[in-house]
Amino acid sequence: MILIAAPPNFEEGQSTYMPQRFNGQYYGWWKIRMHDFIMAEDFELWDVICHGPFVPTKTSGVSAVTIPKIRKEFNDDDRKAIEKVFRAKKILLCGIGPYEYNRILACQSAKEIWEAL
């Protein structure tokens, strides 16, 4: 059994609508809580964080080269997948404090943010 230390000022009954904020301390505790929060929101968001963002693509030309679609070519499924990319990033951004924000400032995806933290 692995014991993860909780912060000394941990209070019961914290919000189920907002993720716990990471302030640079107690990473193991925050990581488990954030994982569970994300899975409860939408388990596919965790896939976005683990595997990187979805990029809609199309096949072009006779040589069947795969290229990214431009925005006006997106279909409904593409839009839903892109929304998940931004929802995952939003949840992670809401779950960090101002001091940790500097660590992820250059990150473009939720996967990059998670790995930087």
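The protein comprises five helices and two strands in this predicted model. From the N terminus, the elements follow the order α-α-β-β-α-α-α. Of the 117 residues in the protein, 29% are buried. The accessible surface amounts to about 8400 Å², and carbon and sulfur atoms contribute 55% of this area. Among contacts between residues at least 6 apart in sequence, 48% connect residues at least 24 apart.

Helix α2 (residues 43-51) packs against helix α3 (residues 76-94), with axes that come within 9 Å and cross at roughly 85°. The two helices, α2 and α3, are therefore roughly perpendicular to each other. On the α2 side, the contact involves Glu44, Leu45, Val48 and Ile49. Helix α3 contributes Lys84, Val85, Arg87, Ala88, Ile91 and Leu92. Seven residues of this contact are nonpolar and three are charged; no polar residues take part.

Five aromatic pairs occur in the structure. In one of them, the ring centres of tyrosine 27 and tryptophan 30 lie 5.9 Å apart; the planes stand at 40°, so the pair is tilted. Both residues, tyrosine 27 and tryptophan 30, belong to helix α1 (residues 27-41) and are three residues apart, about one turn of the helix. Tyrosine 27 is partly exposed at 27% relative accessible area, whereas tryptophan 30 is buried at 1%.

Tryptophan 46 and tryptophan 114 form an edge-to-face pair, with 5.1 Å between centres and 85° between planes. This pair links distant parts of the chain: tryptophan 46 lies in helix α2 and tryptophan 114 in helix α5 (residues 110-116), 68 residues apart. Tryptophan 46 is buried, with 16% relative accessible area. Tryptophan 114 is also buried, at 12%. Phe22, Tyr27, Trp30, Trp46 and Trp114 make up one aromatic cluster.

Key:
Residues numbered from 1 in each chain as written. Predicted model: local features only at pLDDT ≥ 70, side-chain atom pairs only at ≥ 80, totals over all residues. Heavy atoms only, no water. Axes fitted to C-alpha atoms, helices over the stretch in contact; angles between N-to-C directions. Helix = DSSP H or I, 4+ residues; strand = E, 2+ residues; numbered from the N terminus. Parallel < 35°, antiparallel > 145°, perpendicular 65-115°, else oblique. Contact = heavy atoms within 4.5 Å. Nonpolar A, V, L, I, M, F, W, Y, C, P; charged D, E, K, R; others polar. Buried < 20%, exposed > 50% of the residue type's maximum accessible area, 1.4 Å probe, protein only. Areas by Shrake-Rupley, 256 points an atom, 1.4 Å probe, with all protein chains shown as cover. Phe/Tyr/Trp six-rings, centres within 6.5 Å; stacked < 30°, edge-to-face > 60°.
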